[in-house]
Amino acid sequence: MLSLIAAISENNCIGKDNALLWNIREDMKHFKDVTSGNIVLMGRNTWESIPEKFRPLPNRKNIVITRDMNYEVPEGVEIYSSIDEALEKYKNENVFIIGGASIYKQTIEKADQLFITEVHQVFEGDAFFPEIDKNVWQEVEREDHEGFSFVRYIRK
Ligand SMILES: NC(=O)c1ccc[n+]([C@@H]2O[C@H](COP(=O)([O-])OP(=O)(O)OC[C@H]3O[C@@H](n4cnc5c(N)ncnc54)[C@H](OP(=O)(O)O)[C@@H]3O)[C@@H](O)[C@H]2O)c1
């Protein structure tokens with residue numbers, strides 16, 4: 001199963017200057033609950049956006065995508081220069097694409113489900129989530145909170 005997980009503002013923004021634009025504790029917990037025990041795959045920028053003391057993300061196999069095969073990562077973290085190669089290796093496991101913009105864009109067409117935290121605000125940023133085409137994606141769960149909602153979509 002291939003899933004994308006992202007927090008997205010009303011204008012589809014996901015970040016600025018290689019950082020998140022908000023700090024929502026419940027969303028961090030939700031992210032941890034959903035992804036724990038599984039594989040998380042991310043682009044090199046997103047890896048670098050995680051403070052060193054919090055990476056690799058615990059209880060998850062961390063995969064970093066970079067074209068630089070000499071890129072140094074801590075023991076246990078895997079690097080791949082091809083998204084498809086990583087996805088092929090773990091095709092029988094639960095893989096969560098955790099960003100960023102370029103990796104979401106390249107994988108949304110292959111994904112089975114989307115875990116989206118809708119942040120109910122407009123933000124100015126420089127990284128965006130691809131359009132969620134409602135002809136392709138069906139909302140199957142929605143949990144509303146103050147200022148944000150957890151939404152899950154599956155491919156129709
Ligand atoms: N709101 C959210 O849920 C969320 C989640 C994650 C990230 N973000 C935000 O997203 C932004 C980062 O997104 P981004 O698009 O700049 O970076 P990114 O997708 O995290 O990483 C981009 C890098 O990944 C590597 N890469 C991408 N496609 C590749 C391919 N096909 N083959 C090999 N390597 C490939 C390249 O690394 P090299 O340059 O090393 O070759 C590329 O520079 C930040 O603002 C971050 O905070 C938001």
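**Pockets, ligand surroundings and backbone geometry**

Helix α1 contributes the most to the lining of the largest pocket, with 6 residues. The model is a predicted one, in which local features need pLDDT of at least 70 and side-chain atom pairs count only at pLDDT 80 or more, while totals for chains, interfaces and linings use all residues. Residues are numbered from 1 along each chain as its sequence is written, and side-chain values use heavy atoms, with hydrogens and water left out. Helices (H or I, at least four residues) and strands (E, at least two) are DSSP runs, numbered from the N terminus.

The volume of the largest pocket is about 1400 Å³. A pocket is an open set of points on a 1 Å grid over the protein atoms alone, where a 1.4 Å probe fits and protein lies on both sides within 12 Å along at least five of seven lines; lining residues have an atom within 4 Å of a point. Grid points are joined across faces, edges and corners, and a volume is the space filled by probe spheres set on the points. The largest pocket is lined by 46 residues, of which Leu 20, Thr 46, Ser 49, Ile 50 and Ile 98 are the closest to its centre. Two or more lining residues come from each of β1 (2–9), β2 (13–15), α1 (25–35), α2 (44–49) and α4 (101–107). By class, the lining holds 22 nonpolar, 16 polar and 8 charged residues (Ala, Val, Leu, Ile, Met, Phe, Trp, Tyr, Cys and Pro count as nonpolar, Asp, Glu, Lys and Arg as charged, and the others, Gly among them, as polar).

The second largest pocket has a volume of about 150 Å³. Its lining includes Ile 8, Ser 9, Ile 116 and Tyr 153. Strands β1 and β7 (113–119) each supply at least two of the lining residues, and β7 gives the most, with 3 residues. The lining of this second pocket is made up of 5 nonpolar, 2 polar and 3 charged residues.

Around the ligand there are 27 residues, and Ala 7, Arg 44, Thr 46, Thr 66 and Gln 106 come nearest (a residue is near a molecule if one of its heavy atoms lies within 4 Å of it). A polar side-chain atom of Arg 44 is 2.7 Å from an oxygen atom of the ligand. For Thr 46, an N or O atom in the side chain lies 2.6 Å from a ligand oxygen atom. A polar backbone atom of Ala 101 is 3.1 Å from an oxygen atom of the ligand. On its own the ligand has 940 Å² of accessible area, and the protein covers 84% of this area (Shrake-Rupley method with a 1.4 Å probe).

Strands β9 (residues 137–145) and β10 (residues 148–155) run antiparallel and are joined by 8 bridges (strands pair if DSSP finds at least two bridges between them). Glu 143 has Phe 150 in β10 as its bridge partner. The hairpin of β9 and β10 has 2 residues between the strands, and Gly 147 in this hairpin takes a positive phi near 90°.

Most residues other than glycine have a negative phi, and most peptide bonds are trans. Asp 17, which is not a glycine, has a positive phi of about 50°; this residue is placed in the loop between β2 and α1. The peptide bond joining Arg 55 and Pro 56 is cis, with omega about -5°, and Pro 56 is in the loop between α2 and β4 (61–65). A cis peptide bond also runs from Gly 99 to Gly 100, with omega near 0°. Gly 100 is in the loop between β6 (95–97) and α4.

How values were computed
Polar contact = N/O pair within 3.5 Å; in protein donor to acceptor, adjacent residues only side chain to side chain.
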